[in-house]
Amino acid sequence: MRKNIVAGNWKMNTTLPEGLALAKGLNEALRERTPNCDVIIGVPFTHLASIVAAIDTRKIGVAAENAADRATGAFTGEVSAEMIASTGATYVILGHSERRMYYHETPAILKTKVELALANQLTPIFCIGEVLAEREAEKHFEVVDAQIEKSLFDLPAEDFRKLVLAYEPVWAIGTGKTATAAQAQEIHAHIRQTLAAKYGREIAENTSILYGGSCNAGNAKELFSNPDVDGGLIGGASLSVEKFLPIVEAF
């Protein structure tokens with residue numbers, strides 16, 4: 001059975017003391033709870049080792065927000081998958097629309113990043129999604145299929161089954177707009193069909209596909225009630241225990 005997952009993506013927010021306080025607060029809030037989903041927090045590189053040491057990682061998984069497309073070497077400022085794994089983090093967010101847009105990450109670059117993450121026993125949370133013009137032109141199915149195929153479909157089945165996908169309509173990230181529950185279900189079901197055509201129904205049915213894009217306490221339960229929506233990749237609402245915890249409890 002595929003996992004239900006609620007993952008926070010802190011982005012470029014919080015100093016180390018602020019991040020530690022937030023992580024510890026979430027850890028304390030979950031101490032006496034048994035969520036019906038896996039809980040993950042994606043935190044800045046500077047926070048990884050400290051947060052891993054400060055929380056119960058059996059309750060909360062820790063993700064890096066990116067990784068380099070090189071294994072090692074003279075690449076000043078980059079952080080490799082091996083370095084991330086050495087902190088105790090077990091996940092890495094790859095392919096986020098902000099990385100594609102602002103840092104021009106191509107399908108080929110993302111393909112390499114995924115392979116390096118897997119080689120270092122990190123679970124990639126791989127993001128896909130269309131911009132508003134592509135949605136309005138009714139090209140959203142075509143866009144997400146291309147993003148999956150160009151970066152992921154060279155993986156052998158035994159590696160692909162280790163991935164988590166996150167569908168994020170770019171037009172809904174940080175805008176307050178949200179895909180309707182029906183729109184989310186439609187494209188998540190399409191993604192699962194695309195996976196089944198390549199890797200077979202068993203792998204498709206066991207791949208967690210998260211929804212990202214202004215998911216919050218008010219709409220999480222409706223979104224998560226869809227049969228092909230397996231949780232959320234949460235942005236702004238993950239920066240507060242009071243806003244994030246109700247999303248976790250939506251399952």
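## Starting with exposure

Residues count as buried under 20% relative accessible area, exposed over 50%, and partly exposed in between. With that in hand, take Thr-14: its relative accessibility is 25%, so Thr-14 counts as partly exposed. One thing to keep in mind as you look around is that this is a predicted model.

Thr-14 is found in the loop between β1 (5–9) and α1. Its backbone is worth a look too: phi of Thr-14 is near 80°, which is a positive value in a residue other than glycine.

## The loop between α4 and α5

Next stop is another loop. Where does His-104 lie? You'll find His-104 in the loop between α4 and α5. Here again phi is positive in a residue other than glycine, with a value near 55° for His-104. At 60% relative accessibility, His-104 is over the 50% cut-off and so counts as exposed.

Tyr-103 sits in this loop as well, between α4 (97–102) and α5 (107–119). Is Tyr-103 buried or exposed? Its relative accessible area is 52%, so Tyr-103 is exposed.

## Glu-105 and its two partners

Which residues pair up with Glu-105? One partner is Arg-99, whose side chain meets that of Glu-105 in a salt bridge at 3.0 Å, N to O. The other is Lys-113, where the closest N and O atoms of the salt bridge with Glu-105 are 2.6 Å apart.

How covered up are these residues? Glu-105 has a relative accessibility of 8%, and because buried means under 20%, Glu-105 counts as buried. Lys-113 is buried too, with a relative accessible area of 4%. Arg-99 has a relative accessible area of 23%, so Arg-99 is partly exposed.

## A salt bridge across the chain

The model has 19 salt bridges in total. One of them joins Arg-192 to Asp-230, and the closest N and O atoms in that pair are 2.8 Å apart. This pair links distant parts of the chain: Arg-192 belongs to helix α9 (residues 181–199), while Asp-230 is in the loop between α11 (220–224) and β8 (231–234), and the two are 38 residues apart. Arg-192 and Asp-230 are both buried.

Salt bridges with shared partners tie Arg-192 and Asp-230 into one network with Arg-2, Arg-201, Glu-205 and Asp-228.

## How some helices cross

Now for the helices. Two packed helices are described by the angle between their axes and the distance between the axes. Take helix α1 (residues 16–30) and helix α12 (residues 241–248): their axes come within 10 Å and cross at roughly 40°. That angle is why α1 and α12 are oblique to each other. Their crossing is right-handed.

## From α5 to Thr-194

Ala-119 has its place in helix α5, and its relative accessibility is 51%, so Ala-119 counts as exposed. How many residues separate Ala-119 and Thr-194 in sequence? They are 75 residues apart along the chain, and in space Ala-119 and Thr-194 are 25 Å apart, C-alpha to C-alpha.

Key: Residues numbered from 1 in each chain as written. Predicted model: local features only at pLDDT ≥ 70, side-chain atom pairs only at ≥ 80, totals over all residues. Heavy atoms only, no water. Helix = DSSP H or I, 4+ residues; strand = E, 2+ residues; numbered from the N terminus. Buried < 20%, exposed > 50% of the residue type's maximum accessible area, 1.4 Å probe, protein only. Axes fitted to C-alpha atoms, helices over the stretch in contact; angles between N-to-C directions. Parallel < 35°, antiparallel > 145°, perpendicular 65-115°, else oblique. Left-handed = near helix turned anticlockwise from the far one by under 90°. Salt bridge = Lys/Arg side-chain N within 4 Å of Asp/Glu carboxyl O.
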